[in-house]
Amino acid sequence: MTTSSPRPTGSRHRQVIAPVSPGSGTLRPLGIDDVRIDRGFWADRQALNHDAIVPHIAAWQERTGWTANFDRVVDGTVGKQRRGREFSDSEIYKLLEAMAWEIARSGDEALEDRYRGIVARVAAAQQSDGYLNTRFGNPGQPPRYTQLDWGHELYCYGHLFQAAVARLRTGHHDELVDVALRAADHVCDAFGPDGIQGVCGHAEIEPALVELYRATGEPRYLAQARLFLDRRGHRTLPDIEFGRAYFQDDVPILEATDLRGHAVRALYLSAGAVDAAVEQDDDALAEAVERQYVRALERRTYLTGGMGSHHQDEAFGDDYELPPDRAYCETCAGVASIMVAWRLLLRTGDLRYADVVERTLYNVVAASPREDGKAFFYTNPLQQRVAAQETDPDAVSPRAHAQLRAPWFEVSCCPPNVARTLAQLATYVATTSDDGVQLLQYAAGEVVARLGDGATVRLAVATRYPDDGVVAVTVVEAPDRPWDLTLRVPAWASGATVEARGEVTPAQQPGHVVGGLTAGDVVVLRLPMTPRWTHPDPRIDAVRGTVAVERGPLVLCAESVDLPDGVPLDSLCVDPMLPPRAEGDGAVVEGTSVMFAEPARSPYGPPPVPRSVRSVECRLVPYHRWANRGPSTMRVWLPTV
């Protein structure tokens, strides 16, 4: 086994062991080998990922026959015996990417063996010209590239390429890399300037091709990614019932003002556009995407960081169309939003994008897996009106039910997306620049960063965040020359302080810079973790007259299991003049239960007269933990008295 790609590197900076390694930018990412998370919130979830989530996904992919589809291509039976949706190949590739990052993080040799076993089955199904798909192009199946709108062939390649990048970046030019390079060369031949003039109905190959270029130095991959980006918006895909905006094929990227249509498609496309813009020094393209994304953050994003308010088309709604009970907020859209925010952070150096990453990690990604790692949310509503029935642990959920986590779905894109995100999580913790290190996400462990001249900074981070807001950073190793440590101060952290060299000062947002540090110095950031009321923009009609409670980066929610007997959740009103008080990792709010008589004939008419009114206290828990105690009703936004 060789240890690097035979092609030259495409990056103008040192390649790092991370899923994103841009050739330029204000900030540079650190690799999975540069950051260690050794205890606390995210360490626990990385352990869960290794011990439960990844094995669970692999077992279900075998159980449903999705992995065996590659075997059926080899033995010629796939035309009649294929299992799963048209894009199920992509879930195998996402699992392989998760495994690759997890192997690099943990050094698990048994996982390496399982990874190689799956790769061998995938590789055996590849055709001689590089084409690889189990749904098209084989005997008894539709011809290749005849259903670009719904076929997902290029989408599947994208996830294959990202898995290959994970292997290349972690020091392995193996069989999967060879498969991916042959497939990428095939795509360039088939869809190049003189080839098929279409795009995939689901964006994903665009960021993957750019990252494959960065990892290998092959310029064709970057050029092909740009071709796909430039072709998008010229109405080459059908005008379906949701309109071409569903595919982002209604308006060219440079001319669009909003993120619209299918949320995951829109965000993957945005990530690819930022990637290509960075490599081609195209400020106009990058700034267009940034404007669209910022507008979405301002007008089309839920309190949790979730995106997508339509169930029927998994899409963005109009500005301020953010109903809590009908929130779709697909877990994959949360992952995709993190991808866009991270790329914009690296390009611009704006630490507010790290706030977006934090919010989405804690309140979307962390919410998806059940506490045992064996069931998942596909969608993430902010209100559950009716307590759900328990899910069958041996059944595939036929659709994206949001009532309780399910062990597997007919469309199981979200579980492996969670797995690959948790496996690569350390790469989101910190960045570096020529003259400094930026701590972005707070987790106990160690950070090793190299500055522009190669000088090393080594930091030890001690914290219980988000259980409390104290983050102590010890400088273990530092250069003799001046350098800066920047601590991200979240937008919600009014009153935060920084202590350095015996002096306590107010923390500056969005990043507090401390200079002149030497080995042995300790810097302590103190973030206020008192629960706080959050009020919605009045233009969000669906939650007008309500408030929510947040504690640090965590959105809290009320669950029916925490209310006194006989008090339904929909009867609860709170008084925002009475501050919530901390309790554990959540809060307690004082409120009133207002019960009304059932309407005689209609829910409309004169103002209803309360049947009973009683004072109650309600415990609020972190949203990411809801529905771990069985069926319940839940709401984030609480009506006010």
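Which side chain does the side chain of His173 make a polar contact with? I looked this up first. The model is a predicted one. In it, the side chain of His173 makes a polar contact with the side chain of Asp178, at 2.7 Å.

**Entry: around His173.** I placed His173 in the loop between α6 (153-169) and α7 (175-191).

Entry: I followed the strands next. An open sheet is formed by 7 strands, and I wrote their order down as β2-β6-β7-β8-β13-β10-β11. The pairing is antiparallel. Which strands stand at the edges? I found β2 (35-39) and β11 (503-506) there. Each has a single partner strand, so one side of each is left without a neighbour in the sheet. From one strand to the next, the twist averages 20 degrees.

I then picked one pair inside that order. Strand β7 (residues 456-463) and strand β8 (residues 470-477) pair in the antiparallel sense, over 6 bridges. I looked up Thr463 and noted that its bridge partner in β8 is Val471.

**Entry: aromatic pairs.** How many aromatic pairs does the structure hold? I noted 22. I went through two of them.

Tyr293 lies in helix α11 (residues 283-299) and Tyr353 in helix α13 (residues 352-365), so the pair ties together parts that are 60 residues apart in sequence. Tyr293 counts as buried, at 0% relative accessibility. Tyr353 counts as buried too, at 5% relative accessibility.

For Tyr442 and Tyr465, the ring centres are 5.8 Å apart and the planes are at 85 degrees, so this pair is edge-to-face. I found Tyr442 in the loop between β5 (436-439) and β6 (444-450), and Tyr465 in the loop between β7 and β8. The pair therefore ties together parts that are 23 residues apart in sequence. Tyr442 is buried, with a relative accessible area of 2%. Tyr465 counts as buried at 3% relative accessibility.

I also noted a cluster. Ring pairs link Tyr131, Tyr145, Tyr157, Phe161, Phe191 and Phe228 into it.

**Entry: arginines over rings.** Which residue lies over the face of Phe41? I found Arg45 there, at 3.6 Å from the ring centre. I looked up Phe136 as well: Arg135 lies over its face, at 5.1 Å from the ring centre.

Conventions:
Residues are numbered from 1 along each chain as its sequence is written. This is a predicted model: local features need pLDDT of at least 70, side-chain atom pairs count only at pLDDT 80 or more; totals for chains, interfaces and linings use all residues. Side-chain values use heavy atoms; hydrogens and water are left out. Two strands pair if DSSP finds at least two bridges between them. Helices (H or I, at least four residues) and strands (E, at least two) are DSSP runs, numbered from the N terminus. Axes are lines fitted to C-alpha atoms, for helices over the stretch in contact, and angles run from 0 to 180 degrees between N-to-C directions. A polar contact is a pair of N or O atoms within 3.5 Å; within protein, one must be able to donate a hydrogen and the other to accept it, and residues adjacent in sequence count only if both atoms are side-chain atoms. Rings of Phe, Tyr and Trp (its six-membered ring) pair if their centres lie within 6.5 Å; planes under 30 degrees apart count as stacked, over 60 as edge-to-face and the rest as tilted. Buried means under 20% relative accessible area, exposed over 50%, partly exposed in between (1.4 Å probe, protein chains only). A charge sits over a ring if NZ of Lys or CZ of Arg is within 6 Å of the ring centre and within 35 degrees of the ring normal.
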